[in-house]
Amino acid sequence: MHIQPPGRPAEWFPSSVTLKDCGPYPAEVLGHRHGMIQPRFTSEVTGRIAAELRSDASIALNLRFTGEVIEILGLGDPPKVLERCRPDAEGRYALGHGFLPWREHTTTDPAEFARALDEAQAGGYPPAAPDAWTVAFADHGHRMAVLAVYRTPHEDAAAYDALYNVLYASGLSSYETTAARADDAELAARRRFNSQRAHVEPDTVVWPKVAPATRLPADPR
């Protein structure tokens, strides 16, 4: 089951995810991650996932269907049941939340940005404010693929220009917002993106993409 903070209703957003070399799979993801992407899938997609896991020896997991219930099976004889997942009210399955390393799929190479972010955080930088966050993502028209949520550097810090420049050069996007926590910043970013792109069909090219350092107001919800 997905991990939902007390008092916060689940909010799902369009996405596409991978599991190691398997996928991508169309999915919806929760607007917060608690360190890991948390997707849910239609029954049709879960069948595809099950078939691909069986054919990939690098992933020591299988899915077993027992009526409406999907079991995630680990190693052993008999195999250990790691999770039993039932469909939610909308008939979707939230698989492996908290222990399967799902990643949001992007066709834009984030490697240079990842290196620049690692260098900036390793070197340390003054934040713009204790509650200032940047949500970096790849803009795929109808969906966003969140790459990182990090404290926004002060505009006078070298890290600010370095990260902005690599985002721009890599064709990536970012929102800057104010929030108490990283999860709240990510949720605000997904809400804004979804509100502007809910009408866009999958695989539709959208131009211009969201620019780096697009400023969002604080999310009142």
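Helices (H or I, at least four residues) and strands (E, at least two) are DSSP runs, numbered from the N terminus. The model is predicted: local features need pLDDT of at least 70, and side-chain atom pairs count only at pLDDT 80 or more, while totals for chains, interfaces and linings use all residues. Residues are numbered from 1 along each chain as its sequence is written, and side-chain values use heavy atoms, with hydrogens and water left out.

**Exercise 1.** State which element gives the most residues to the lining of the largest pocket, and describe that lining.

Solution. 
Step 1. A pocket is found on a 1 Å grid over the protein atoms alone, as an open set of points where a 1.4 Å probe fits, with protein on both sides within 12 Å along at least five of seven lines; lining residues have an atom within 4 Å of a point.
Step 2. The largest pocket holds about 440 Å³ of space. It is lined by 21 residues, and R33, R103, V146, L147 and A148 are the closest to its centre.
Step 3. At least two lining residues come from each of β7 (102–104), α2 (111–123), β9 (144–151) and α4 (182–197). The most, 5 residues, come from α2.

**Exercise 2.** Find which residues touch the most other members of the largest nonpolar core.

Solution. 
Step 1. A nonpolar core is a set of buried (under 20% relative accessible area, 1.4 Å probe, protein chains only) Ala, Val, Leu, Ile, Met, Phe, Trp, Tyr and Cys residues joined through side-chain atoms within 4.5 Å.
Step 2. The largest core has 22 residues, and V17, Y25, F41, I49, L63, L95 and W102 touch the most other members.
Step 3. Two or more residues of this core come from each of β1 (12–19), β2 (22–30), α1 (43–54) and β5 (69–73).
Step 4. A second, separate core of 15 residues includes Y125, A138, Y150 and L167.

**Exercise 3.** Decide whether D203 is buried or exposed, and give its phi.

Solution. 
Step 1. D203 is not a glycine, yet its phi is positive, near 70 degrees.
Step 2. D203 sits in the loop between α4 and β11.
Step 3. With a relative accessible area of 74%, D203 is exposed, a word that stands for over 50%.

How values were computed:
Grid points are joined across faces, edges and corners, and a volume is the space filled by probe spheres set on the points.
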